[in-house]
Amino acid sequence: MFHKILIANRGEIALRIIRACKELGIKTVAVHSDADHEALHVKLADESVCIGPASSTDSYLNMRAIIAAAEVTDAEAIHPGYGFLSENAEFAEICTKCGIKFIGPSPEAMRQMGDKISARQTVTAAGVPILPGTTDSVESPDEAVRIANEIGFPVIIKASAGGGGRGMKVVHSPASLPNAFAMTRKEAEAGFGVPDVYIEKFCERPRHVEIQILADEQGNVVHLGERDCSIQRRHQKLIEEAPCPVISEDVRKKMGECAVAAAKEVGYTSAGTIEYLLDEDGSFYFMEMNTRVQVEHPVTEMVTGVDIVKEQIRVAAGLPLQCKQEDITIQGHSIECRINAEDPVKFTPFPGKIDGYHTPGGLGVRIDSAVYDQYTVLPYYDSMIAKLIVHADTREEAIRRMARALDEYIIDGIKTTIPFHQKVMENREFCEGEIDTNFLERVTL
Ligand code: MV4
């Protein structure tokens, strides 16, 4: 096992990783920007290194500074968390060259899944269903029109280097296709440096359902069931739950088996997520793979009892997975609300000093957060300040528990999205599990 790990992140995920390290008996090194000297991850780690000014580009994304910090502190491994450098294959490669273990998949697996066209080809080879569309980059407007007529409108044009909702356009008619095609290519080139786009059938009211997988360096791959992340706003997830309230045992098993097959196809190691679109008729289609630990991993931990971050560290150290597929069962229901320092109606950032803070507690309540009373939420970084996670026997009880915990949560001095979540917990359609990716555009809370 590692003796010391550097955490190349901040906020709640840095704390989450420090907690896993402490329980595994591993020393921790925090890195931080000038602006983050009061941050909890700095206080809780055994050591800390300042890596630059407030701007992420100059600190949490500064590969040289992070590698140097690992070298001076003798850290054997780097955990990148999510965001920042977590899906940067070049960074993973540099770590390896410097003799530092990158806690995540190989750079090759990251690249193969990071490019959406190659990911589509890879999972197809593994027998995973994809939506009708192209398997290669579409090069001309004529070709785009021919393909779209074949699969039928509406279609969606997606940038191969995009993902998470960036670089895509829905097209409803042949007339608007050539222009949309040219624009998506241009935006892809400008935004990601690669103009390649592909076309697939557009699914009108899908659910976002994803499978958590864990893979070790011995070739063992398990899945930990699914999460429903359909409640999103502008491609930002706001509420996640496990299990998905509508899928059958049969679909769950197929989605899980496909996710494992996809991971095996790329020789995947570490924690990862296969995202699917789930159609109204119960059909599911591969969307993309996230090659990192995700914000919403706790709901899976609550229903499976598996510590995903600990397993990630153990497999990076070369140890085999502790659990076999047949040992993994889903117990009860878990929901996570992302609490952001934002105006709860406009969803615009609301940084500032927390002046009065009280957290909910009691059976089945978990908070993953890095804020405290009198802490100043900074304007430079992501606005998520806490994840409130509940677990209960049934979905109905989990919703009531969440509503109760939200009522107890006091965060004064700044605006947060707590009032938004309170309204969702009382929404009839949400309570009945009638959710899809258009939920927030459809309902009035
Ligand atoms: C889609 C889709 C419908 N049909 N692809 C959004 C993020 C990126 N991962 C892909 N996305 C979508 N791809 C087809 N063929 C709808 C979305 C989508 C979406 C997906 C999941 C959660 C929220 C979403 C919001 C808008 C669009």
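Hi everyone, let's start in the middle of things: the largest nonpolar core here has 35 residues, and those with the most contacts inside it are Ile239, Ile339, Met425 and Phe430. By nonpolar core I mean a set of buried Ala, Val, Leu, Ile, Met, Phe, Trp, Tyr and Cys residues joined through side-chain atoms within 4.5 Å. Buried means under 20% relative accessible area, exposed means over 50%, and partly exposed is in between, with a 1.4 Å probe and protein chains only. Strand E11 (236–242), E14, E19, helix H12 (395–408), helix H13 (418–426) and helix H15 (439–442) each supply at least two residues of this core. Those labels are DSSP runs numbered from the N terminus, with helices (H or I) of at least four residues and strands (E) of at least two.

A quick word on what we are looking at. This is a predicted model, in which local features need pLDDT of at least 70 and side-chain atom pairs count only at pLDDT 80 or more, while totals for chains, interfaces and linings use all residues. Residues are numbered from 1 along each chain as its sequence is written, and side-chain values use heavy atoms, with hydrogens and water left out.

Which residues does Ile239 contact, leaving aside its neighbours within four places in sequence? Its contacts (heavy atoms within 4.5 Å) include Ile335, Cys337, Phe420, Val424, Met425 and Phe430. Apart from this core lies another, of 31 residues, with Ile17, Val222, Leu224 and Met384 among them.

Met384 takes us to strand E19, where that residue is placed. With a relative accessible area of 14%, Met384 is buried. How far apart are Met384 and Glu12 in sequence and in space? They are separated by 372 residues in sequence, and by 8.8 Å in space, C-alpha to C-alpha. Glu12 is also on the list of residues that Met384 touches, along with Tyr82, Val295, Arg338, Ile339 and Asn340, once residues up to four places away in sequence are set aside.

Now the strand itself. Strand E14 (residues 333–340) runs antiparallel to E19, joined to it by 8 bridges; two strands pair if DSSP finds at least two bridges between them. In that pairing, Ile335 stands opposite Val390. Strand E17 (residues 365–369) also pairs with E19 in the antiparallel sense, over 5 bridges, and there Asp368 has Lys387 as its bridge partner.

Let's move to the start of the chain. Strand E2 (residues 27–33) is largely enclosed by the rest of the structure, because 6 of its 7 residues are buried. E2 pairs in the parallel sense with strand E1 (residues 4–7) over 4 bridges, and Ile7 has Ala30 as its bridge partner in E2. To get from E1 to E2 the chain passes through helix H1 (residues 11–24), and this β-α-β crossover is right-handed. That term means that, with the strands pointing away from the viewer, the path from the first strand over the helix to the second runs clockwise. E2 also pairs in the parallel sense with strand E3 (residues 47–52), over 5 bridges, and here Val31 stands opposite Val49.

Next, a helix with two sides. In helix H7 (residues 141–151), the buried residues are Ala144, Ile147 and Ala148. Seen down the axis of H7, they fall within an arc of 100 degrees, so they line one face of the helix; the arc is that of the directions from the helix axis to the C-beta atoms. On the other side, Asp142 and Glu150 are exposed. What covers the buried residues of H7? The cover includes E6, helix H8 (177–192) and strand E8 (197–201). Just after H7 comes Gly152, with a positive phi of about 90 degrees.

E6 (residues 155–163) holds Ser160. Is Ser160 buried or exposed? Its relative accessibility is 1%, so Ser160 counts as buried. The side chain of Ser160 reaches the backbone nitrogen of Ile117 at 3.0 Å.

One last stop is a hairpin. Strand E12 (residues 270–278) is joined by 6 bridges to E13, and the two run antiparallel. Ile274 stands opposite Met289 in E13. Between E12 and E13 there are 5 residues, and Gly282 in the turn has a positive phi of about 90 degrees. E13 (residues 284–290) is largely enclosed by the rest of the structure, since 7 of its 7 residues are buried.

Key. Polar contact = N/O pair within 3.5 Å; in protein donor to acceptor, adjacent residues only side chain to side chain.
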